[in-house]
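Here are my notes on the model, point by point.

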Amino acid sequence: MRPNEIGLVENYLNVKDLLLSVCKRLLIIILAGCLVGGALGSYKFIKRAKTNDVLDAGTRLNSRETDIQYKERVQNIDRARDIADMIDNVNYQIDKQREYIDESVYMDIDPENEYEAMAQIVLTLENNDTNGLDQILFSAYERDVKAGTFLNAYAEEYGTKPDYIKELISFWGSASDGTIINIDSSADRAGSIYIRIYGPTKEFVDDVLAMIIEEVQDVYSDLNTNIAPHTLNVVGTQSICRIDSGTRDGQINQIAKLDSLQKQVVSYGNSLDKVAEELGLSDKEEILEYFATNKKVEVDGVPEETSEVTLGLRAMLKPAIKFGVIGFAAGAFLAVAFFVLKYIFAVKIATQEQFFNQFSNIRKIGVLKPSGKRGKYATFIDIKSGDDSKMTPENNKKLISANYDNITKEFGKILITGTGDSKALGDAVKALGLRGDFRPDIFSDPDILKVIPDYDAVVIMEQRKVSTFKTVTSEIELISNAGTDIVGAIII
């Protein structure tokens, strides 16, 4: 009997079984990773024991380094220093930006509940001809407010810096065109000073506005004497709560600025890694560590002196560990790939349904029930509901034996063979009390093929989780080519 057309083995690929197969070989995978990683790391460690100081622009690497190679190396060193300086600069900006986000009052403001306080101070001059003095006074008061120290104690108590409060202050002046305040007075109204402060709470904006007004009044005497005689009158203050989408956008921009700076550092780091690779170094850290302790060397021409340095343990270990990790990953990956490919190209029979669906022309004699997960007749078999699992072991054996006798009773000489574990198959034959000659595994004993024509019938016995579709297919073809019919199959 010839088997039906064999379908693609991939039909029976089981991801769970594949993962179990890989996990069972986890120790081998780890050992493969350790061997490859250890070999690669050791090689790198030994190789790096002594090296020429490639970052020393004042010397040649060796006598074989040409003038052109030396100049190219110096260019790379200079480029590396420029990038390292940019990294330092951006890291400084990152620290400042983080400090601003953590400590500034602006970032504490809730844009949905932003408080604002305003004040108007009328400034008048004591003559009819202002001649630009109003603008001079406006600038003087603004300069004092922005540069003064009157907020220092309050800022310290609030837990921030004075500059973080001053940035929330708006100060501007509005000049008048000589409108008379009092017809009996010779004084002209020069204009108004407007002060605005916004912040997270009403108490904050009211306190700061009061301190600003007090500061303006404190410096009045000095400006009145040294710039021009004038008077100040606070004519109105107010505070409100409002929604400010502009503040929300500004806060988002501050966070985005930090993100942009961090991306710059990553970009500069990648560029420095490329320079390190061109210089033959393991990574940018070697460059940064060298520049941290060595100043830039000014070179004039091409030096004749060569240099060789003995690296410290840390400098040797760092690249060795890096390459060891890479080697471990590569070794483990290769081991996993080997087992996966082995599984794919030799998919094992897991259940009786798989077997008899694939080889539908072969009669089912029976499926021996395993006595537990590691049963006497099976290795690591999951008991399937379709594998006659509802029967007791004794009834299961009796059923298979009776069915075997009924199918083979008209045949004289019978051969029992299969591709599973020889001992497991032999134990099953004895337990079932099968009539016939048991000679397992054609592939390990090719002489079986010579005697197949001497038999009247062949019964194949295959083992779940051990026999593969590929080997069973080849076995069936060889038996069929020998001219003896396969009358049935027993699955253990």
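**Notes on the predicted model**

1. This is a predicted model. The protein chain has a mean pLDDT of 84, with 82% of its residues at 70 or more.

2. Two stretches need caution. Over residues 178–187 pLDDT stays under 50, and the model has twelve contacts beyond four places in sequence for them. Residues 372–376 also stay under 50 in pLDDT, with seven contacts beyond four places in sequence. Where pLDDT is low, the predicted coordinates should not be read in detail.

3. Where do the two partners, tyrosine 100 and tyrosine 164, lie? Tyrosine 100 is in helix α3 (residues 67–103) and tyrosine 164 is in helix α6 (residues 162–166), so the pair ties together parts that are 64 residues apart in sequence.

4. Are these tyrosines buried or exposed? The cut-off for buried is under 20% relative accessible area. Tyrosine 100 has 11% relative accessibility and therefore counts as buried. Tyrosine 164, at 10%, counts as buried too.

5. A further aromatic group deserves a look in the viewer. Phe355, Phe356, Phe359 and Phe469 form one aromatic cluster.

6. The last point concerns a charge and a ring. Lysine 413 places its charged end over the ring of tyrosine 455, at 4.8 Å from the ring centre.

Conventions. Residues numbered from 1 in each chain as written. Predicted model: local features only at pLDDT ≥ 70, side-chain atom pairs only at ≥ 80, totals over all residues. Heavy atoms only, no water. pLDDT = per-residue confidence, 0-100. Contact = heavy atoms within 4.5 Å. Helix = DSSP H or I, 4+ residues; strand = E, 2+ residues; numbered from the N terminus. Buried < 20%, exposed > 50% of the residue type's maximum accessible area, 1.4 Å probe, protein only. Phe/Tyr/Trp six-rings, centres within 6.5 Å; stacked < 30°, edge-to-face > 60°. Lys NZ or Arg CZ within 6 Å of the ring centre and 35° of its normal.
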